[in-house]
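Subject: Structure for your review

Dear colleague,

Please find below the structure that I am handing over to you. My findings follow directly after it, arranged by topic.

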Amino acid sequence: MRTVRMLAAAALAGAALLGPVAPAALADSPSASASPGGDTGSTAGPTEAGTTFRTAARFLPGQRATAQAATGDYLYWVFPADTGQRPTVDATVALPDAALRHGPATWRIDVYDGLRRRQPCMYGTQSRAAAKEATTVRLTCVLRPVRASADAWANDPLPGSYYVRLTVTSLPDEDLGQPFTALVGVSTLDKGGAYATDGSLAAPLVPGATTADQADADADAGRPSAVEAAAPEDGWSSGWWSDRWLWTAAGGVLAALAGVGGYVLTRGTGRPPRVPPAV
């Protein structure tokens, strides 16, 4: 009975250690990510878009960015993504009146990181053809999880600014210049230690990020640095912490408890009572 009690206590201790990690596992379920383009849980963002990378309109995940433009324009927005997050970009385009259009049109969104490297979509419809009678077209791009660091030759997404570009890629020439309205949103899913890496960047990849001397000069002048100005709502993470530490600690404790349990099961009951002491 004593052995059974010890093993039961070990199992309860392991469950207690793994308990804090359970919410992170639940966050990976599809129900944990809200629709970024929808109204639920979203707040108003910028009402204009930039026309180049340098003039991109900034917004935060959870906000809705809107813009009105002419068909054929390139629209740019920028948002921050931090280590361990998997962003989902969602864009909805309200098309011009069908009576004014002369045929179908193909719309597309592209996402670029802080180095202006185009980031591929894990899944989603980033390019879609809209029929002449369609009133709206919806585009989605689910990016890969952001890593704390990567090899120089890799194209892995890294913490920093991410640019969204929306434009029409194919349409009748007669439809160029017609007005449309765009709505763009981003939601993020925390992937935690499953995609954690050792090491971290010296600074997130944001436009205008320079040396530590420039950051000190900005601080002395009372100006926020480029990194601070582009930070998410809760600031940039350091990159060293992830729930992988919890799994490592829990595994070590469970291994120690398993060793103690194995010893208790195999050590026997000691010297038999009828054996002489000298034997």
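Asp 82 sits in the loop that connects strand 4 (75–81) with strand 5 (85–94). Please bear in mind throughout that this is a predicted model. Asp 82 is buried, yet it takes part in no salt bridge. The nearest side chain of opposite charge belongs to Arg 58, and it is 11 Å away. Leaving aside residues up to four places away in sequence, Asp 82 touches Val 146, Pro 159, Pro 232, Gly 235, Trp 236 and Ser 237.

Salt bridges

How many salt bridges does the count come to? The answer is six. One of them links Arg 108 with Asp 110, with the closest N and O atoms 3.0 Å apart. Arg 108 counts as partly exposed because its relative accessibility is 24%. Asp 110, by contrast, has a relative accessibility of 5%, so it counts as buried. Asp 110 also meets the side chain of Arg 118 in a salt bridge, at 3.1 Å from N to O. With a relative accessible area of 35%, Arg 118 is partly exposed. Through salt bridges that share partners, Arg 108, Asp 110, Arg 118 and Arg 165 are joined into one network.

A further salt bridge is formed by Asp 113 and Arg 117, whose closest N and O atoms are 2.7 Å apart. Both Asp 113 and Arg 117 are buried.

The disulfide

A disulfide is a covalent bond between the sulfur atoms of two cysteines. A search of the whole structure finds one. It joins Cys 121 to Cys 141, with an S to S distance of 2.0 Å. Why is this disulfide, between Cys 121 and Cys 141, described as left-handed? The torsion about its S-S bond is about -105°, and the disulfide is therefore left-handed. Cys 121 lies in the loop between strand 6 (105–112) and strand 7 (127–130), whereas Cys 141 lies in strand 8 (residues 136–142), so the pair ties together parts that are 20 residues apart in sequence. Cys 141 is buried, with a relative accessible area of 1%.

Strand 8 as a whole is mostly covered, as five of its seven residues are buried. Strand 8 pairs with strand 5 in the antiparallel sense, over seven bridges. Within this pairing, Cys 141 of strand 8 stands opposite Val 89.

Val 78 is located in strand 4. It counts as buried because its relative accessibility is 10%. Not counting residues up to four places away in sequence, Val 78 touches Ala 56, Ala 57, Arg 58, Phe 59, Ser 161, Tyr 162 and Tyr 163. Val 78 and Gly 50 are 28 residues apart along the chain, and their C-alpha atoms are separated by 9.3 Å.

Strand 2 pairs with strand 4 in the parallel sense, over two bridges. In this pairing, Ala 57 has Trp 77 of strand 4 as its bridge partner.

The chain as a whole

The secondary structure of the chain comprises five helices and ten strands. The chain has 279 residues, and buried residues make up 37% of them. Among contacts in the chain with a separation of 6 or more, 72% are between residues 24 or more positions apart.

Yours sincerely,
A colleague

Technical notes:
Residues numbered from 1 in each chain as written. Predicted model: local features only at pLDDT ≥ 70, side-chain atom pairs only at ≥ 80, totals over all residues. Heavy atoms only, no water. Helix = DSSP H or I, 4+ residues; strand = E, 2+ residues; numbered from the N terminus. Buried < 20%, exposed > 50% of the residue type's maximum accessible area, 1.4 Å probe, protein only. Lys, Arg positive; Asp, Glu negative; His and termini not counted. Salt bridge = Lys/Arg side-chain N within 4 Å of Asp/Glu carboxyl O. Contact = heavy atoms within 4.5 Å. Disulfide = S-S within 2.5 Å. Pairing = 2+ DSSP bridges.
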